[in-house]
Amino acid sequence: MSKPLHGIRVLDLTNVLAGPFCCHQLAHMGADVIKVETPGTGDLARQLGADADLNRGLMGVSFLAQNAGKRSITVNLKHARGQEVFLRLVAEADVVVENFRPGVMDRLGVGFEVLRQHQPRLVYCAISGFGQQGPLRDYPAYDQIVQGMSGVMSITGAPETAPYRVGYPIADTIGGMTAAFAVAAALAERERDSARFIDVSMLEATMATMGWAVSNYLVAGRTPTPMGNDNVTASPSGTFRTGDGLLNIAANKQEQFEALCRVVGREDLIAHPDYAERQARLRHRDALKAEVEQALAARSALEWWPLLTEAGVPTGPVYSVEQALAHPQVADRGMVATFPDVPGVGRDVRVVRTGFKLDGDAPSVDTPPPQLGQHSEELLRELGYDAEQIRSLKEERAI
């Protein structure tokens with residue numbers, strides 16, 4: 001399969017999630033991604049995840065999740081000869097991605113203005129919690145902090161339980177996805193004849209995906225509130241109890257509402273003055289939900305699912321992660337990659353790929369997540385270092 005970023009080299013100086021996820025996407029699009037890591041410890045995600053033994057071996061599950069297809073070199077950016085190695089890498093790279101706090105790369109002497117002198121067409125992407133300017137620029141931020149400060153937590157959960165954190169690191173992930181999009185766009189700029197500096201704020205990237213909630217406040221003056229599993233724009237639309245299990249129903253359009261009523265045997269609701277029109281259904285959401293759930297009690301969620309779907313009502317069960325991965329819709333489309341007997345892990349590793357197909361194929365990478373510094377000598381030789389120079393770099397702890 002032809003890959004759009006084949007021939008593009010990316011230096012990945014990032015840690016934990018947002019930056020590694022960005023470079024994970026770029027690797028699947030064909031970029032040669034080189035992970036530049038701190039000697040001895042590397043990416044903090046190497047020590048994170050549900051398997052303590054893997055964490056101790058610096059191959060934690062959190063690292064394995066988004067570093068397949070990359071090569072790893074260790075470089076001590078606080079050492080003069082380490083910086084020399086890094087600058088030689090930059091000279092042959094197209095992209096640098098980092099997620100240090102603003103100013104760290106400058107203090108190390110390898111900030112954007114320095115690097116662009118070594119690669120005049122460099123695309124430099126800095127991912128941080130709050131961006132490169134503003135009163136919070138120097139504040140530390142993880143996903144948890146951004147979820148709280150973006151307003152995400154304020155609208156997550158039921159009215160009596162909010163604020164709640166979203167169940168996975170959504171702010172980190174959105175920050176990484178935004179960075180990958182910005183990098184790809186910069187690389188595609190036909191007239192670009194100079195370096196580009198991309199400043200990704202996880203806070204702003206997260207809020208940019210909250211368009212409906214934010215606009216309800218900005219345009220309509222309505223403060224977004226937590227609504228549990230209900231849909232703010234439609235009713236009945238949310239999670240419903242059945243005779244056995246929960247069922248998501250999104251009867252967002254008039255014809256879908258009417259079809260739902262017919263399937264569950266409550267045609268009388270169609271012309272009921274409290275439910276006949278969209279705005280009326282929103283005003284009487286709780287009463288309508290009770291009516292629908294009373295009817296749904298006659299069958300299980302898995303029985304209602306095909307009946308409602310056949311009638312044109314968007315419907316689906318509520319799955320666990322395990323159930324979702326096992327479903328043929330996911331399992332048969334190449335969503336999960338398997339790397340056999342991964343070095344440093346001692347067993348097969350399964351990880352998810354991207355969420356799209358390219359000409360019918362799932363973008364993939366050929367190699368498993370690397371061990372720390374696994375490709376240091378290989379990359380140094382590519383840069384022109386001989387065996388004696390590599391030995392001295394190691395002795396001086398520059399790599």
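Colleague: Let's take helix H18. Which of its residues are buried?

Modeller: Keep in mind that this is a predicted model. Start with the general idea: an α-helix has 3.6 residues a turn, so residues three or four places apart point the same way. Now the case here. H18 spans residues 387–395, and Ile390, Ser392 and Leu393 are its buried residues. Looking down the axis of H18, these fall within an arc of 165°, so they line one face of the helix.

Colleague: What do the buried residues of H18 pack against?

Modeller: They pack against helix H4 (80–91) and helix H17 (376–383). On the face turned away from the buried side, H18 carries the exposed residues Ala387 and Glu395.

Colleague: What is found at the start of H18, and what follows the helix?

Modeller: At the start, a side-chain oxygen of Asp386 comes to within 3.2 Å of the backbone nitrogen of Glu388. After H18 comes Arg397, with a positive phi near 60°.

Colleague: Now the cores. How many residues does the largest nonpolar core have?

Modeller: The general idea: in soluble globular proteins, nonpolar side chains tend to be buried together. Here the largest nonpolar core has 41 residues. Val10, Val97 and Ile127 are among those with the most contacts inside it. Helix H8 (residues 170–188) gives the most to this core, six residues. Another core, of 32 residues, lies apart from it and includes Met105 and Leu393.

Colleague: And Trp212: buried or exposed?

Modeller: Trp212 is exposed, as its relative accessible area is 66%. Its place is in helix H10 (residues 211–218).

How values were computed:
Residues numbered from 1 in each chain as written. Predicted model: local features only at pLDDT ≥ 70, side-chain atom pairs only at ≥ 80, totals over all residues. Heavy atoms only, no water. Core = buried A, V, L, I, M, F, W, Y, C linked by side-chain atoms within 4.5 Å. Buried < 20%, exposed > 50% of the residue type's maximum accessible area, 1.4 Å probe, protein only. Helix = DSSP H or I, 4+ residues; strand = E, 2+ residues; numbered from the N terminus. Arc of directions from axis to C-beta. Contact = heavy atoms within 4.5 Å. Polar contact = N/O pair within 3.5 Å; in protein donor to acceptor, adjacent residues only side chain to side chain.
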